[in-house]
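Hello,

I am handing this structure over to you, and my notes on it follow below.

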Amino acid sequence: MKRQIPLLIVIILGFIFVIHVFVPHKASADFYDWYQTWIKAISPFMVLLGIMSLFMVHSTKIKRKVPNWQYSVVTLASLIGTGAVGFIWGTQAGTPFMWLFKNVQMPMGATMFSLLAFYIASAAYKAFRARSTEATVLLIAAIIVMLGQVPIGIKISKLIPEASHWILNVPNLAAKRGIAMGVGLGMTATSLKILLGIERTYMGGGK
Amino acid sequence: MKLTFARTGFFLFLLAFSFLLLPQTTHAAINESEYIVENLDVNDIPNDDGSGLMLSWKPLPQERRIIEYRIYRGITPDSLFFIGKIDVNVKTGVMGDVMYYYDTDYNYFLDTQAKGKLKREKGQKKDGSLYRRYPRDVSIVGPQLEHYSILGVIPEKDYYYHNEKIEVVTETDTTVYAGLKLHEFSGMYKKLIANHVYYYSVVAVSESRHYYPHAEPGIGIPRENAPEKSDRFYAVFVEDVSRLQFEWKLAVFADDHLDHNVYMLHKKDLAKFNKYVDEQVQKELNDIAVKEDSTLAVYTPKSENPAQLISARYCGYPYTPSQTASADIVDGKIVNEDRDIDVKIDVDNVSDYLFVFSFTDVARYETFSDVVSAKSTITGQLPIVPPFLIIDRENDKGDYNRVMWGKPVVYLTNSTYLNEKKTHLQVNYDFKTNKNFKVRNIFFKVFDEEGKEVVYVNEYYQDFKIKIKLPENGNEMNTLFFEMRFKCNNDVGEDYVLTQILQYDEQTQSLVPGDLYLGDENVNDWEYYIYKRNYTDQEFRLSKKVAGTQREVFDNIRYKNVHFKLVRHFDDEKNLFLVGPSFLVRRGDDKKEIISSNLYPKEFEKTILQYEDELAKHIASKDTLETEDDLKNADDAIEYYSKQLELMRDHPIQKVAASLDNPKERIKFLDKSRHYAKNSFEYKIVKSNGKGIFTETNIYIREGVEPVSDENIYITSYTGNGIDHFFPRSNWFNVDMLPAVIAALLFGSLVFILIKKAKKGQDLYIRPIAGIQEIDNAIGRATEMGKPILFVPGTSSIGDVATLAGLAILGKVAKKAAEYDTKILVPVRDYLVLPIAQEIVKEAHYEAGRPDTYDKSSVFFITTAQFAFVAGVNGIMVREKTATNFYMGMFWAEALLLTETGSSTGAIQISGTDAVTQIPFFITTCDYTLIGEELYAASAYMAREPLQLGTLKAVDYLKVIILFLIITGTILSTTHLTFLINAFPEK
Amino acid sequence: MADKKMNFFEKMQALDRRYIYLVVALAIIIPLLVPFNSKTYVTEPTENIYKKIDSFSGRNDRAVLLCFDHDASTMAELFPMEVAILRHCFERDVQVFTICFMPTAKPLMDYALQTAKEGYEVQSGVDYVNFGFRPWAIRIPTMLKMGDDISEAVEYDDEGRKLTNLPIMKEIMNYNEMNLVVDFAASAAVLSWITYARARFGANVAAGVTAVMAADNYIYLQTGQLIGMLGGLKGAAEYEKLVDVFACHMEPDENGIMQPAPRDFSKEIIKNTWIKMSDIKNRMHKTARIGMNAQTVAHLMIIVFIILGNIGYFISKRKKNKVN
């Protein structure tokens, strides 16, 4: 029973939503609106779940004094601190919460994001080796596209930007579409498996 | 001091929160009086109905670092409520010397999101005069109602079924109201009342959200003004049919407009008329002046309007009214009985007359436009409106009607040379059509300046561009003439040709499209106005105004209706707001009389009795009356009451409603009746040049059709429904989705067949996937090294199918890990994924027979912030030195950041994602990558169960079918056969 | 000698990634600090936007709407193009509106206006209007309503003034006048302008997108549904150049004093014009081109690394073959 009831909910609601896609009728649209309000009502509880997990993991670490437990202190302190600041002074522009967001969260996020540039460089360095014919083609294409994007490309040859444009537009787009099609089908298959109850790992275990 | 970890942690902690002291201390020693807003001024807004005030003040200089200005309003200077704010960018400050805030129209007053209790504004002392927004508390808001005009917006269902009948007894009489709780209103909106005194103040808020003292409250009194002048008015005389046509521009503020009028005056009367207009302006100014200073003398205009009214129409607020009118001259007269218009006009000398347009408002102010004379024309010069058609729009939930007219139109939009020699030209085009004409081919014939045909293009697949090869004759082509024809599913006719030129433009140095001609008609000269009216409207309103190239309009009709009710009274004991219980159901078939009903049947009956009494009284009074005027008044009253009684007792809807004893059923019936009345529309079209040269069609009538002979009682009283009134239908199936349904069914049956096959033990071949085969080895490696495994199930939510696929793989990996007794770490970015992942890992340990090794805290939530999550996971990789990393699911920009770090710690990495843009990053940095669909196949591949394998194989077969369709489609459309492409919907 | 050489390439093979990071960092930082002269190649999609905006010059019945649909994380690529377009409008007396539907875009929009305004005597409400922030939920309704009447769709501007009272709105009604919409986004946000503003009301739509998203928009350029596009920093650099060469062109008057002499777009002029980057003056308006310099060097460095790595790879392979 513990398994069957959730499974039943999934199957019934799943089929209802499949039908919703094909049925534009008012009844179907109203049902969807109704469902949306439920989702909105349920989601805040999930936040609680996440915060509890965070607390449990880090408080255990601190309690047990596992290596690097100090980081857990910082994590929990930041969590409580940010939350408290938000509750006390609100989250409008100009509050300490927004100050934190603008001066801590945003620059740190931007820093992590900008690391991408370095990582891309080193990944490119490692990956582009003329190991085989295919790899050589990839290598040459990469160099053309890289040159085509910067002013020096046109200086070398007028053909480079055009070739770069062609590579992006034709072979690249073709491959992308091919993958996208496979992904679409894979998604459909997985969804169908879930709907039919074949795939039920998401409920824990499988059997 | 030695810096241990504990101390570092402590310092980090201090550092992180030391900033909190900063913003709080910065304003410690300032002179607050410098932060009070200056020059606060409250002024009446011109041309309105006496409901608008404009606040202005001098913004504080940028150095003061103000983040917002908050505005307060009240009816006494000592209790002002927050009503709105203007945000300011601290860095840039306010540009300009004055800031404005408008308190106009119906705007926010109260809704369920308001706070429960009244609170003083931040920084206010115990006796401070500023409060926050109005609370939900009826005892506080209730007394405010009389100082404003409050409009309650109530969803139909709440109004009908959630009301409470409240009787308010006063000395003179008893009034019945429908009482509603605040949450039954979707909102309440306020409007200021003319000649009422209001107080306003403004507070500046600093960057650190410190509220400075408020400015001395300013007084504002909104005044009723005359309407704004229409700044464009055109008059046209169509000679051969003796018709006057008028077109005007609407005013921006039209809330209180009552009528749109057109007057005619003789040229010789112009001076008199101008005097009259001046006097009217004087009168308005004097009215306001007298109100401000009652000692002033009241001004009375002396002259009479020499102009004669020839057209008048109710303008139908709150909708956008129509902006064209016409008056036919019959036997030298313009007659309109409804408005008592009977004006003589000399048809042969229309040029002797002048015309003027005016708006009148509910306060009877009238504003005239400039005087114009009529431009003469003949019917031949007027545009021709192509036949038009109204049908229900298919595949929707019943909220659109489809209005379509004419044949398709194609026009050039742009052109680009494709080579240096300028012999290859790409021309972009666009086309508009409607449901009647599905475009198959567009034929472009291009001529040069000498009229020689340059090229002929048959555009059998419309991709909005054609490529043209120009002859290489040395000199550039300066002008190209395009002739465009159509081939559609319905015949458009041989002579249906559109022409347009491409002309060289010095400025852009390219060929630029000119105007589009359909025969002799310049398509760009005209616009279409779609007018519509339902069973509750008195006049037509403007639904849409579209360009001359359009051929179809979807007219939106809201399928959920609301009731607008004035809220004047309240009941603070029961916590209710009181609104009137009577409501409009529809109008009579001639759209003049109102058929209304009441929430409470008894009240409705009471009204009938009252009217009967009145009627009897008036009939009786006739014997005693003497003067002719009194008699006429009595006759009018008798006529009015008998008509009303007829509508209340004898109209089919009222009869049915009266016959229903169950009040719920009665309301349900009235609700449906009102819904049909509100949503059934009749249409007409005007094609105009915007300057009075227009043709107006009759109301569209669907010929050869019976009215909707629905058994449904609700619409039997709507005689025209289906013929001239159109009610949008809710559709049960979206036909555009048919290919998807077929594909889904096909896929379903393939799955079914193949599962059966697999169950029978047939071996279904699946191509080996290296990444999946290596999973075992990778787990083994971690075991050998004694290091944990890291598994990231994507960074998306549970609603993403990729996450589900990732979790399915997690189940398998966790089981293997449990068997080998290797620790598995699962960091999660989504709250909902967390319990699911925990359950999966727990179950896997049970299945492996090692429930003792399951540690709940090995599956944990980090954060929802994208890059903070990356930082967290990277930290784990570096500190725990994980031996094997799995990334399975959806990833965005964080993909490379994760895998590159993993690769630097020397871990074996296996990834799988369907994010096309991230796949290259995974391939370069991971040892094995599951590309796109392989991610979805992985769990089936690992499980090797017939059910899973069957589905997997079905995907392969479906893919074959799709590939076949793609290839056939390509071949067919290359040979100009487009039926296969057209069989699929565009989106 | 030969051994030593091999060692170098072999070392290159097993190069610690941190050296690569260092080189990339230097390759980006140095060109930013010391700008050198490079020539930007202007592409068709950029030209088309420029030409379109330029054709509105001095007209009261034409306006451009700039829609800011991105946050600070993609500011590096999109901000320079926003400033360049605004500058073009201010220089050539083109009426311009700005709007955003994301709260995080609002400060960027204000900042772009502030930056571009410097040095121009333009006035809010007369030469430009900032419509301010509107919630994302009403994005599409707003787009649709603008097709009827802009001052109804966006009643008040950012400073709280009623649009109808502003002089700039005098001859502007809907997309017929506000004939060009440029959407700046790091996402597919421009698609809704195409479906709603273009398909229904015939507005011209152009996009300013990040380099990553540019590839996705080529299809719309091909079909003409987008009249033009600025792709990433490169697009911004191209636009900057066009503004410098045409809109901000200066010519000496009879006394030899340089006077503004804006000229119309011409392919011939652009071929033969050089704008010095090393000139410190007006650096603010060269951000994207200087950024492109850094990108050029970075790309070149990566290419050099790839080539070195490949040489090393071949040498070690040959060595292995010999051993075998």
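**Inside chain C**

The centres of domain 1 of chain C and domain 2 of chain C, taken over C-alpha atoms, lie 40 Å apart. Their bounds are 2-36 + 288-323 for domain 1 and 44-271 for domain 2, and domain bounds come from an automatic or database domain assignment.

Before you read on: this is a predicted model, in which local features need pLDDT of at least 70 and side-chain atom pairs count only at pLDDT 80 or more, while totals for chains, interfaces and linings use all residues. Residues are numbered from 1 along each chain as its sequence is written, chains are lettered from A and ligands numbered from 1 in the order in which they are written, and side-chain values use heavy atoms, with hydrogens and water left out.

Back to chain C. Domain 1 of chain C and domain 2 of chain C bury about 540 Å² between them, 63% of it on carbon and sulfur atoms; buried area is the accessible area (1.4 Å probe) that two parts lose on being put together, summed over both. C:Ala288, C:Arg289 and C:Met292 supply 89% of the area that domain 1 of chain C buries against domain 2 of chain C, more than any other three residues. C:Arg289 also forms a salt bridge with C:Asp244, at 2.7 Å from N to O.

**Where chain C meets chain B**

Here 35 residues from chain C and 29 residues from chain B are in contact, which is to say they have heavy atoms within 4.5 Å. Chain C and chain B bury about 2800 Å² between them, with 43% of it on carbon and sulfur atoms. There are two salt bridges between chain C and chain B. In the one between B:Asp430 and C:Arg198, the closest N and O atoms are 3.0 Å apart. On the side of chain C that touches chain B, the residues divide into seven nonpolar, ten polar and 18 charged (Ala, Val, Leu, Ile, Met, Phe, Trp, Tyr, Cys and Pro count as nonpolar, Asp, Glu, Lys and Arg as charged, and the others, Gly among them, as polar).

**Where chain B meets chain A**

This contact takes 86 residues from chain B and 73 residues from chain A. About 6800 Å² is buried between chain B and chain A, 73% of it on carbon and sulfur atoms. Three salt bridges are counted between the two chains, and A:Asp33 and B:Lys560 meet in a salt bridge at 3.9 Å, N to O. Helix 18 (residues 946-974) of chain B gives the most to the side of chain B that touches chain A, with nine residues; helices (H or I, at least four residues) and strands (E, at least two) are DSSP runs, numbered from the N terminus. The residues on that side of chain B divide into 49 nonpolar, 18 polar and 19 charged.

**Within chain B**

The domain assignment of chain B gives six entries, among them domain 3 (388-525) and domain 6 (770-944). The C-alpha centres of domain 3 of chain B and domain 6 of chain B are separated by 55 Å.

Enjoy exploring it!

Terms used: Salt bridge = Lys/Arg side-chain N within 4 Å of Asp/Glu carboxyl O.
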